[in-house]
Amino acid sequence: MNLAVWVQRQGFQRPDDPALAEGERVHASWSDFARTASAVAGGLRGDLGLSPGDRVAIVMRNRPEYLEAMFAIWHAGLVVVPVNARLHQDEIAYIVDDSGARVLVTDDSHAELAEGLVGSVTCLQAVVVVGGQRWKQLAASPSCVLVDANPEDPAWLFYTSGTTGRPKGATLTHRNLLVMSLSYTADIDWISQRDCILHAAPLSHGSGLYGLPHIARGALSVMAQSGGVDGQEIASLIRRWPGMSFFAAPTMVKRLAEDPALAGADLSNLKTIIYGGAPMYLADLERALDVFGPRLAQIYGQGEAPMTITALSKEDHAAREGPRWEERVRSVGSPRTDVEVRVVDDEHRELPVGEAGEVVVRGDVVMAGYWMQPDATAETLRGGWLHTGDVGSFDADGYLTLRDRSKDLIISGGMNIYPREVEETLLLHPGVRAVSVVGKPDPEWGEAVTAFVVAADTDNPPSFEELDKVCLDHVARYKRPKEYRLLDSLPTNNYGKVLKRQLRDHLVDEAEREDRDPVG
Ligand code: AMP
């Protein structure tokens, strides 16, 4: 089944209902959306000479045409490569080249950058700027019949956000995305035609993926015009569009919960905030629940198993008085309907409840592999299981708690230390706004626990003695940082994930310098 059938079906059944909106304004009805998708598909095949299986990159900020282009690409039997529009030009060039995209669809603000790639990236033959002459021509092309797709055909090359190494294209098939969409309705929320999804986070990542079940069910897709997560705008869009859900990284949820524009706002139209992609700390979550009520659901997934490994439901969040609630909301929930999830040791033996090991996943949502990378694919999918690189453990009720990325684990004096636990502890101090804990190479300890701290009040940061005391009060002595460093902000990637690698690299450089030029 080709996923593009969803738009054609809605276009036929509910031609006049709104399908796409930009801010408060309707951009297209379902029949408009269906017509544009099939016409642009015709143009991509006819004018631009693309054949089924060819890749088309999209580098665009969130706007309705993003979804028109995406569904046109699928309609024509092509593969979409959504690229985060906030990446550096060289990073974009790398992804376009690696995916072998022949056409790049973009917007005005990236047109110059995109044109600059034609010639330097050899596979790239044409750039289409939405709203421009070529786009208008494509949209006026004779429509193309929906191209058949096999379930195994690639649909979306999802370039992993690259907090480690060069990004790789997780190849997501039509089946992967169909199963992901069905599983959303099984585990997160039922979606009705009167609902909508707001895209405040980039469509190239989680927001775009979770947009799909909404399109499948005929809900409206709304684009935030600010191009980001803006409390004032979100409050007014909630008033305008009922049944609203949106996806946000934990850092964005935290920001929104602190935004006065949302504090007293009428949230009766708000259905669900889906957060995930990085840990959400307990204190932040409690505050978000105070502001948004029982509307939060957490998901744990990765590009390789698109947004679908475990979930912590709205009901789990709401049961605040229940036993072990804190433990529950520190977890990432329980396995999704369509996957098997295990925690295994280095020999791939399943570990008992309470023991930490690598999280592995099997199911129809798991990617076909990394685009053109057979070795990395074989390594990651060994034994038929996706090796997530995350370390976690199950509790007796089947809830999974993530300790960390396996690469983030600190080994100090032979002891395993999960930075997240130390971070959670330091955040208990009211003077700490954000914190990231990493290992610094150390001749005596192997690695020394180092905490990068952002103070809530930069003029009056907490003293290191106070921070030490919070650690001593809550975690084993050996886990407490040997060193604290104050920063104005933590380095994050474009999806709001803290770039621990950058902090670690900085410490490694420093240790090397100290080795070369010992002090004293
Ligand atoms: P990406 O493929 O860029 O979405 O990154 C996926 C990684 O983000 C996962 O392997 C986890 O390490 C992390 N992650 C995703 N969801 C969560 C979550 N709910 N809590 C903690 N970490 C998460």
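In which sense do strands S23 and S24 pair, and over how many bridges? In this predicted model, local features need pLDDT of at least 70 and side-chain atom pairs count only at pLDDT 80 or more, while totals for chains, interfaces and linings use all residues. Residues are numbered from 1 along each chain as its sequence is written, and side-chain values use heavy atoms, with hydrogens and water left out.

S23 and S24 (residues 446-455) pair in the antiparallel sense over 10 bridges; strands are DSSP runs of E with at least two residues, helices are runs of H or I with at least four, and both are numbered from the N terminus. Two strands count as paired if DSSP finds at least two bridges between them. Val432 stands opposite Ala455 in S24. The open sheet has 3 strands in the order S23-S24-S25, with mixed pairing. Its edge strands, each pairing on one side only, are S23 (432-442) and S25 (483-487).

Two helices lie across S23, S24 and S25: helix H17 (residues 464-474) runs at about 120° to S25, and helix H18 (residues 500-516) runs at about 45° to S23. Axes are lines fitted to C-alpha atoms, for helices over the stretch in contact (heavy atoms within 4.5 Å), and angles run from 0 to 180 degrees between N-to-C directions.

Elsewhere, helix H2 (residues 30-45) and helix H3 (residues 64-75) pack at an angle of about 55°, with their axes 8 Å apart. Among the residues that meet are Phe33 and Leu44 in H2, and Leu67 and Phe71 in H3.
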